[in-house]
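Subject: Handover of a structure and a summary of its features

Dear colleague,

Please find below the sequence and the structure that I am handing over to you. A description of what was found follows directly after them.

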Amino acid sequence: MATVAEQFIEVLRQAGVERIYGVVGDSLNPVVDAVRKTRGIEWIHVRNEEAGAFAAAAEAQVTGRLAVCAGSCGPGNTHLVQGLYDAHRSGAPVLALASHIPSSQIGTGFFQETHPERLFVECSHFCDMIGTPEQMPRVLHIAVQQAIGLGGVSVVVLPGDVAHLPAARPTGEHDVLTRTGTVVPHPDQVAELAAALNRAEKVMLFCGAGTRHARDEVMALAGRALAPVGHALRGKEWIQYDNPYDVGMSGLLGYGACYEAMHEADLVVLAGTDFPYDDFLPGARTVQIDHDAARLGRRTPLELAVHGDVGATIRAVLPHVAQKTDRRHLDRMLGKHLKALENVVEAYTHDIEHHLPIHPEYVANLIDELAADDAVFTVDTGMCTVWAARYLSPNGRRRVIGSFWHGSMANALPHAIGAQFTDRRRQVVSLSGDGGLGMLLGELLTVRLHDLPVKTVVFNNSSLGMVKLEMMVDGMPDFGTDHAPVDYAAIAAAAGIGSLRVESPSDVREALATAFATPGPFLLDVVTDPDVLAMPPNISRAQVKGFALAAGKIVLNGGVGRMIEMAKANLRSLPRP
């Protein structure tokens, strides 16, 4: 007869799970042994359970399917917290197995006792314990369906002794929902949305990750309403490329004319975005479209809340929207967008190929140029997110994954591990800050152990650059942000990973080409300028101090690279009605 652990793994296999990320040990041993005996699923050994949760989050985001991580009792599963918060806030369907102490010892202060059924409640849709074999497989089915159906984390707590017991019920066959339906808006909301669009003289569309499958519809609506189109960071990869209406990105890392276009519009349509920075929103004249009704209006007051999938909503409303003919708002915003990009090019690119230490922008721009058209980029929180926002060019096939909602450090390398396991033939590039890489440095050993062809590019400035900037903008002297230089290429080489250290900008292109062409894992350690975000000479103190509002945050207002060429092309060739 199968054990509870073996039944647990069989249910995961029925849900399409192919691997579990974790560290073996004590209370997890029955589950690990069940993996050993089950075809089609493998145990992926990581060096820290936190990295396992990050890896599962990235796998789920790349594939759209359920991914799984696990931690043994006590500290084994408490390590999962950071990665599970990231997965949950990113909407990644992840199931975490939190193994527990022997059931008879729960509540006694036993060795390594924690209360995982309490600990993970805030970072999950479902968190509960299987205390008897009779609860299986039903409770696990519920947990799986919650993660997939709601988009986020489910946590199942399982005492090690219960995992050893014989299963009490047959596993059977169970169809797990893996394809969700489309939310169609109410006809009254469609009519009200059409009326609002027709009344407004100046419409602006602001798009998030919810436009992933609605790109064509967004472009059609923009053409009908002659509306500038901006995006949040998570909407960039779906909406920015080949977009003749593009006016850039809003938010702390924004660029271009997105902020101005939003605030000068008569009607702002928030399409598939739960954009959290309400200071950047106009606070009025706003419509929101979202498939999750709970998100409607929680960031800003709404004139109209539309509950529906973005694509389905636009398809429904478009026949009722009259073609606008006044292009002045659109043309003016496109012009402002180009000017905003041009104004910062000189400050951030002058003599960049000869500047020492190396400009990180130069490195990011070359990564974008040399990386594969279907590459997956994973991005550390901090300045690496700035470089990704400015320089990585989406095309509909590339992916950019980061801890964009939770903002955890050290995510890029473990995210890359999960992304690479989904397809060893696909190029995966980790843009790692030296601060983030140092936090989970042991995951280089995970990359080597599994011979994953991850390309890790370390932006090595011996500093916590984003923290330094935050202090500087707040008028504080930077303190505690710098640390002693580290040769990460030497560390990688000692771990058996191919590596190069680059200190001259003239060597960056060839070194990147070598890294990308080398089979197997490779680490490129690039020594970059820690002061690259020092104020350009033409920026006033008032502008710098107020950078959190778009008019005063020019220090972060990059938006260079290929985007400026696209902006020029848009002004020349915008389709005219």
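Which residues point one way from strand 17, and which point the other way? K455, V457 and F459 lie on one side, T456, V458 and N460 lie on the other, and all are buried. Please keep in mind from the outset that this is a predicted model.

The pattern in strand 17 follows a general rule. In a regular strand, side chains alternate between the two faces of the sheet. Strand 17 covers residues 455–460, and because 6 of its 6 residues are buried, the strand is largely enclosed by the rest of the structure.

Two strands pair with strand 17. Strand 16 (residues 428–433) is joined to strand 17 by 5 bridges, and the two run parallel. Within this pairing, S432 has V458 of strand 17 as its bridge partner. Strand 19 (residues 522–527) is joined to strand 17 by 6 bridges, and this pair also runs parallel. Here V457 has L524 of strand 19 as its bridge partner.

The chain as a whole

The protein chain contains 24 helices and 19 strands. Of its 577 residues, 56% count as buried. Among the contacts in the chain with a separation of 6 or more, 74% are between residues 24 or more positions apart.

An open sheet and the helix on it

Another part of the model is an open sheet of 7 strands, in the order 10-9-8-7-11-12-13, with mixed pairing. Strand 10 (255–256) and strand 13 (304–307) stand at the edges, and each has a single partner strand, so one side of each is left without a neighbour in the sheet. Helix 9 (residues 187–199) packs on this sheet and touches strand 7 (203–207), strand 11 (267–271), strand 12 (286–290) and strand 13. The direction of helix 9 makes about 135 degrees with that of strand 13.

Inside the sheet, strand 8 (residues 229–231) and strand 9 (residues 246–249) run parallel and are joined by 2 bridges. H231 stands opposite M249 in strand 9.

Two packed helices

Two packed helices are described by the angle between their axes and the distance between those axes. Helix 3 (residues 49–63) and helix 5 (residues 81–90) pack at an angle of about 20 degrees, with their axes 7 Å apart. Because angles under 35 degrees count as roughly parallel, helix 3 is roughly parallel to helix 5. On the side of helix 3, the contact is made by E50, A53, F54, A57 and Q61. Helix 5 contributes Q82, G83, L84, D86, A87 and S90. The residues of this contact divide into 5 nonpolar, 4 polar and 2 charged.

The start of the chain

Helix 1 covers residues 4–14, and its buried residues include V4, A5, Q7, F8, I9, V11 and L12. Just after helix 1, G16 takes a positive phi of about 85 degrees.

Salt bridges

Side chains of opposite charge can pair when their charged atoms come close. The structure holds 24 salt bridges.

E217 forms a salt bridge with R315, and their closest N and O atoms are 2.6 Å apart. E217 lies in helix 10 (residues 215–225) and R315 in helix 13 (residues 310–317), so the pair ties together parts that are 98 residues apart in sequence. E217 counts as buried, because its relative accessibility is 15% and the cut-off for buried is under 20%. R315 is partly exposed, with a relative accessible area of 48%.

E18 forms a salt bridge with R19, with the closest N and O atoms 3.3 Å apart. E18 is partly exposed, at a relative accessible area of 34%, whereas R19 is buried, at 7%.

R501 and E503 also meet through their side chains in a salt bridge (3.2 Å, N to O). R501 is partly exposed, with a relative accessible area of 31%, and E503 counts as partly exposed at 48% relative accessibility.

Finally, E6, D33, R36 and K37 are linked in a network of salt bridges.

Yours sincerely,

A colleague

Definitions and conventions: Residues are numbered from 1 along each chain as its sequence is written. This is a predicted model: local features need pLDDT of at least 70, side-chain atom pairs count only at pLDDT 80 or more; totals for chains, interfaces and linings use all residues. Side-chain values use heavy atoms; hydrogens and water are left out. Axes are lines fitted to C-alpha atoms, for helices over the stretch in contact, and angles run from 0 to 180 degrees between N-to-C directions. Helices (H or I, at least four residues) and strands (E, at least two) are DSSP runs, numbered from the N terminus. Angles under 35 degrees count as roughly parallel, over 145 as roughly antiparallel, 65 to 115 as roughly perpendicular and the rest as oblique. Contact means heavy atoms within 4.5 Å. Ala, Val, Leu, Ile, Met, Phe, Trp, Tyr, Cys and Pro count as nonpolar, Asp, Glu, Lys and Arg as charged, and the others, Gly among them, as polar. Buried means under 20% relative accessible area, exposed over 50%, partly exposed in between (1.4 Å probe, protein chains only). Two strands pair if DSSP finds at least two bridges between them. A salt bridge is a side-chain nitrogen of Lys or Arg within 4 Å of a carboxyl oxygen of Asp or Glu.
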